[in-house]
Amino acid sequence: MAWLAAASPAAAQSADAPFVAALGELPDAGFADKEALVARLVETGHSSAGAVLTAMLEDRLYVRNSDRRVFISTSADDTQPSLSLLDPLTLKNAGTAPMAELTKIGTNNRLRRVLRTTAARFALANPDASVRLAAVTDMLRSLDDATAELLRQRLPQEPDGAVKRQIETGLAMMAIGDSNAAVRLAAVQALSSRISAESRNRLATLLERGADGTYAEPDEAVRKAAAAAVNSIDTARAVYSGVETVFFGLSLGSVLVLAAIGLAITFGVMGVINMAHGELMMLGAYSTYVVQTLMPNHLDWSIPVAIPVAFVVAGLAGVILERTIIRFLYGRPLETLLATFGVSLVLQQLVRSVFSANNRAVSTPSWMSGTWQVNEALAITYNRIYIVGFTLVVFSLLLLVLRRTRLGLRIRAVAQNRAMARAATRRGCSTSTGPSAANAGGSRVVLPAPGGATTTAAR
Amino acid sequence: MKLKYLSLTACLLGAALTTSSAIQAQSATIKIGILHSLSGTMAISETTLKDTILMMIDEQNKKGGLLGRKLEAVVVDPASDWPLFAEKARELLEKDKVAVVFGCWTSVSRKSVLPVFEKDNGLLFYPVQYEGEESSKNVIYTGAAPNQQAIPAVDYLMKDVAVKRWVLEGTDYVYPRTTNKILEAYLKSKGVADADISINYTPFGHSDWQTRVAAIKRFGSAGKKTAVVSTINGDANVPFYKELGNQKISAEDIPVVAFSVGEEELSGLDTKPLVGHLAAWNYFQSVKTPANDAFIKQWKTYIKKPNRTTNDPMEAHYIGFNLWVKAVEKAKSTEVEKVLAALPGLETPNLTGGIAKMLPNHHITKPVYIGEVRADGQFDVVFKTPVVPGDAWSDYLPVSKDTEADWVTLKCGNYNKTTKKCSGQNYK
């Protein structure tokens, strides 16, 4: 990388010709040819090579149909009507062009892997530490002498601790293959404090036996250290995988709690087995879908809007259900069961008639997707974290309502002694379907995004 | 719950009965049954196939029909409910007296209607890739047998991507289970160790994928190149791919090759995180041939939506419909026996520039394509073969390697070459 940084402007100028030639061949090349072209682009040592390769990796490299010239787009969003372009040589603004006049230079898996490791070399000098970390991590996937040399040169200049540690991991992984036993031992010791799968697998190669029973690692001390290191990494990974399982259980439990709270209240307070509870949840899910279709350009905001909407829609449906049907059937559990079952069929058919029987997808907003990489062995998806959080909020709000408000007092009174509550106030029973139904609807807003992503009328 | 389910079925049945009896009007027409789920978990895939056949019928009628008679579609909705498929098939054959049925997607639905077609001597064109191990006198398999899809896909991954560890992930029913059995036997015959194969099944419509995807991630972190062979069917694919994107499993690390996910299934998804994952089919919309361009144009005009996609089972129906038309013209009759006698040996061009030939074992010749998902939901072909003849009975399973199907000379779908015996129809 040093030579690239040191390259004088004059040298960059002289490198223009082969760079332009390689670029010119890109539009008509097959995937295998593109791979060779990528290598040629890097060889030119041109100062824009890194930018071009990164753009290609991120699907931002385009050909202008009119003159077959290659341009870098500033945005990867190909749904826009026009793109603003950069000249690949000077990286200066080259105006805009409508999408219809541009063709994307495609990549495939193989090419992307080559691009990723190649582009990573250029990102080592990036001022942003997170970019450098990602670059080093990409380089660790395919370590060879050349990449190791780049890492070795970067190490003394690297200011960021995390990047430094990752570089050291990479160098240690390389050193495992060293011919000197002392170097190997030091590498094993360096890797023993890491918990990534790559370092574990690299260590495990030392313990492999050949067909004739001899170990891949001749030195006994190194072997012992490697075995101990693999063991400790395995233990650590097992612990983290246990933590992950607990979290999965918690998040799934949260989903069920959200679904069950409403059901529990209706049954506990009103003595009504609400067979239409699932359909009320379905109404909540479809409310989310409708909200999303109404605001397609503000997807990130659709969930905060959809939560109150779903509460209101499902709550209203619950109130209507109670006012028009259930209140005539109090004290007759079998009949409420049958009546609510009938309502559930009506609601299902209603949704089928309005939205058709096909699946409707609810898209997950960007802030809810992705994972939180806790460490190398543990990653937790954001949507599940939000679910657990949402459940806690709903649950504590519910507790607050039940314990601190007049409405809650009434609900508890009815639950504990229906006859007495009825004697005290004539409207005792009707208060609880609304909130519990609203709860059912609200819960479904969050549910489809992580788990189902689709809501279906045919249940 | 059971009660709810039953009465739901009853409702649908009632509704469908009234519609089909309304259609039953003129008798001079040739009736064509369409047996595809228009609701439930498989509707995502099957609705398009209904429209494809309607389009083909429409086109044939514009050409003046067949044998001087107009074609008439009888559409029923078996609602992704497997026993209901059998009831609907019976209704089509016995009540509507259709000349031919185009239908089914899942193998469980095909197995469900098989006894009905064999008893009533009907004719079913089945358009979807399937697990093989079957050749019925009354079914024409225009989709791929395992040697036309699963085996070449695994070969590609093994040779070109150097995959050493395999996750066989499927929906829990007959197609994934049989396919995975064949693949397991095949992989082991290629020297893959037991520990390097992980097989798992989930129910239809499975939506909570986080645990499974995390397990795949863990299985794939053992230092050997890992790939997932997905026989997941229906709408469970949507949350599966979403979770893959969510947990950042990129195709460069662990590629997923799907046998039941095509352009149609991807059209409802954000495909950006899925770029590079693979699908194995015998047709892709992105294959550039004049026939395909014309078909895509015709489809978009017919369905009146410019962003609708075409896919492999649609091509299979296109081939199947054309084969049936040719057979009827050759036999000068729509009688099942005569059409069946006329079918073997017939040829019709497919949409990718090759020729689909009807084989004596009721399968057809198809090319194999493997494609990588692009950001726009289409596929880039990374591997293709010339046309491969479909093999009904897999050579890699000990139970079926001696079995042969031949409806021309042997008149048998399940003929044992060593014992020289025909064990008759074999369906479970």
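## Worked exercises on a two-chain predicted model

In this predicted model, the C-alpha centres of domain 1 and domain 2 of chain B are 27 Å apart.

**Exercise 1.** Describe how chain B is divided into domains, and state which helices and strand of domain 1 each supply at least two residues to the side that touches domain 2.

*Solution.* Begin with the bounds: domain 1 of chain B covers 2–144 + 291–367, while domain 2 of chain B covers 147–287 + 370–389. Next, turn to the contact between them, to which domain 1 of chain B gives 29 residues and domain 2 of chain B gives 29 residues. On the domain 1 side, at least two residues each come from helix H2 (43–62), helix H4 (107–120), helix H10 (290–303), helix H11 (312–331) and strand S13 (365–366) of chain B. Finally, sorting that side of domain 1 of chain B by class gives 10 nonpolar, 13 polar and six charged residues.

**Exercise 2.** Work out the strand order of the five-stranded open sheet in chain B, and say whether its pairing is parallel or antiparallel.

*Solution.* The strands of this open sheet follow the order S2-S1-S3-S4-S5 in chain B, and their pairing is parallel. At the edges stand strand S2 (71–76) and strand S5 (139–141) of chain B, each of which pairs on one side only. From one strand to the next, the twist averages 25 degrees. To look at one pair in detail, take strand S3 (residues 100–103) and strand S4 (residues 124–126) of chain B, which are joined in the parallel sense over two bridges; here B:Val101 stands opposite B:Leu124 of S4(B).

**Exercise 3.** Explain why the distance between the end C-alpha atoms of helix H15 (residues 333–355) of chain A agrees with its number of residues, and find which of its residues are buried.

*Solution.* Helix H15 of chain A has 23 residues, so at 1.5 Å a residue it should span 33 Å, and the 32 Å between its end C-alpha atoms agrees with this. The buried residues of H15(A) are A:Thr336, A:Ala339, A:Thr340, A:Val343, A:Ser344, A:Gln348 and A:Val351. Among the elements covering the buried residues of H15(A) are helix H13 (277–294) and helix H14 (299–324) of chain A. Just after H15(A), A:Ser356 takes a positive phi of about 70 degrees.

How values were computed:
Residues are numbered from 1 along each chain as its sequence is written. Chains are lettered from A and ligands numbered from 1 in the order in which they are written. This is a predicted model: local features need pLDDT of at least 70, side-chain atom pairs count only at pLDDT 80 or more; totals for chains, interfaces and linings use all residues. Domain bounds come from an automatic or database domain assignment. Two residues are in contact if their C-beta atoms, placed from the backbone, lie within 7 Å. Helices (H or I, at least four residues) and strands (E, at least two) are DSSP runs, numbered from the N terminus. Ala, Val, Leu, Ile, Met, Phe, Trp, Tyr, Cys and Pro count as nonpolar, Asp, Glu, Lys and Arg as charged, and the others, Gly among them, as polar. The expected span of a helix is 1.5 Å times one less than its number of residues. A residue is buried if 20 or more other C-beta atoms lie within 10 Å of its own, exposed if 12 or fewer, and partly exposed in between; C-beta atoms are placed from the backbone. Two strands pair if DSSP finds at least two bridges between them. Axes are lines fitted to C-alpha atoms, for helices over the stretch in contact, and angles run from 0 to 180 degrees between N-to-C directions.
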